[in-house]
Amino acid sequence: NSSSVKEFILLGLSENQGVQKIYFVVFLVVYTLTVTGNLLIVLTVTSSRHLNCPMYFFLCHLSFVDVCYSSVTAPQMISGFLVENNTISFAGCIGQLFGVHFFGCTEIFILTAMAYDRYVAICRPLHYPALMSRRLCGRMVGGSWAGGFLHSTLQTLPTALLPFCGPNRVAHYFCDVRPLLHLACADTRAAGLVAVANSGVTSLSCFLILVASYVVILVSLRGQKAAGWHKALSTCGSHITVVILFFGPCTFVYIRPSGDLSEDRSVAVFYTLIAPMLNPLIYTLRNGEVKGAMRKLCRR
């Protein structure tokens, strides 16, 4: 690498000292809740004999991804609120970039797999056990991880190979493609287009698949009685909430042409920290089975 920059300075969310102290407390609490809540779900699902249907298998993987995803950005950001210059090495920065896209994209694919699971459960209930076999679920999750890895490699490699020779202040609280392209000493238009196409197309196409699956579900419920509607919406409600919280901000940041980086920062908080924290709450509050299994686990 011809880069002479050995480390970057992450500018974080705010440069105001007073605000940073408040942020430190707020995000430390958010991160602690994220890790605790999601690990509790992983433990509950893996230790309970009753939670063995595909929905909980996916939920367990989603929670694990959420722990990893928020751990890539949050500790660096939280510790940064306490120091003058929040520095990260060149290798650390590229590693963080890889991690954010790896876990973020894996999460997108797992949410898409969960939508397919809900579609089969509601629209093809009699064929559900045959269609959603353990083998297929394993393949879908494996494919999600492999897809995340491929996406992340395609995002990270072109950025890592750019020359960085001058300014090293990253206008973000983690290393992402767009803020890094602003610092490269080369023409980054092509790399920028590839990045937007890669992230934007991935998040938008999965989002459209999700929307389509819900349209099909709603259409299939037309002739049903109120009880059928209620059951379907209660199983889909939590998933729709998570999808909106995660995809909305994510698509906003990656699909639009590079504009104001400070906007990206505040929107990114939603999908890197707030959505992973809310996922366990959304899935457990709506779900008696998970709550029951959690109580049993806590008693043990």
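Reply: A patch is made of residues with over 30% relative accessible area and no salt bridge, and nonpolar side chains are joined into it within 5 Å. In this model, which is predicted, Val25, Val29 and Leu33 make a nonpolar surface patch of about 260 Å². Of these residues, Leu33 belongs to helix α1, which covers residues 17-47, and its relative accessibility of 48% places Leu33 in the partly exposed class.

The covalent contacts come next. Two sulfur atoms of cysteine are taken as a disulfide when they lie within 2.5 Å, and by this rule there are two disulfides. One of them joins Cys93 to Cys175, with 1.9 Å between the sulfur atoms. This pair connects distant parts of the chain, since Cys93 sits in helix α3 (residues 90-123) and Cys175 in the loop between β3 (169-170) and α6 (177-181), 82 residues apart. The torsion about the S-S bond of Cys93 and Cys175 is about -115 degrees, and the disulfide is therefore left-handed. Cys93 is buried, with a relative accessible area of 0%, and Cys175 counts as buried at a relative accessibility of 0%.

The other disulfide is formed by Cys165 and Cys185, whose sulfur atoms are 1.9 Å apart. Because Cys165 lies in the loop between α5 (134-160) and β3, while Cys185 lies in the loop between α6 and α7 (189-220), the pair ties together parts that are 20 residues apart in sequence. Here the cysteines are reached by the probe to some extent: Cys165 is partly exposed, with a relative accessible area of 48%, and Cys185 is partly exposed, with a value of 32%. When the bonded cysteines of the protein chain are numbered in sequence order, the pairing reads 1-3, 2-4.

Cys105, by contrast, is in no disulfide, and the nearest cysteine sulfur to it, that of Cys206, is 6.9 Å away. Cys105 is buried, with a relative accessible area of 3%. For Cys137, the closest cysteine sulfur is that of Cys53, at a distance of 9.0 Å, which is too far for a bond; Cys137 is buried, with a relative accessible area of 3%.

Strand β1 (residues 7-10) pairs with β2 in the antiparallel sense over four bridges, and Leu10 stands opposite Asn86 in β2.

Ser79 is found in helix α2, residues 54-80, and is partly exposed, with a relative accessible area of 37%. Between Ser79 and Phe24 there are 55 residues of separation in sequence, yet their C-alpha atoms are 7.7 Å apart in space.

Phe102 is buried, with a relative accessible area of 15%, whereas Phe149 counts as partly exposed at 48% relative accessibility. Ring pairs also join Phe102 and Phe149 with Phe64, Phe98, Phe103 and Trp145 into a cluster.

The charged contacts complete the account. The structure holds two salt bridges. In one, Asp117 is paired with Arg118, and the closest N and O atoms are 2.9 Å apart; both Asp117 and Arg118 are buried. In the other, the side chains of Arg189 and Asp187 meet at 3.1 Å, N to O. Arg189 counts as exposed at 63% relative accessibility, and Asp187 counts as exposed at 55%.

Note on methods. Residues are numbered from 1 along each chain as its sequence is written. This is a predicted model: local features need pLDDT of at least 70, side-chain atom pairs count only at pLDDT 80 or more; totals for chains, interfaces and linings use all residues. Side-chain values use heavy atoms; hydrogens and water are left out. Patches are made of residues with over 30% relative accessible area and no salt bridge: like charges are joined within 9 Å, nonpolar side chains (Val, Leu, Ile, Met, Phe, Trp, Tyr) within 5 Å. Accessible areas come from the Shrake-Rupley method with a 1.4 Å probe; for residues, only the protein chains shown count as cover. A salt bridge is a side-chain nitrogen of Lys or Arg within 4 Å of a carboxyl oxygen of Asp or Glu. Helices (H or I, at least four residues) and strands (E, at least two) are DSSP runs, numbered from the N terminus. Buried means under 20% relative accessible area, exposed over 50%, partly exposed in between (1.4 Å probe, protein chains only). Two strands pair if DSSP finds at least two bridges between them. Rings of Phe, Tyr and Trp (its six-membered ring) pair if their centres lie within 6.5 Å; planes under 30 degrees apart count as stacked, over 60 as edge-to-face and the rest as tilted.
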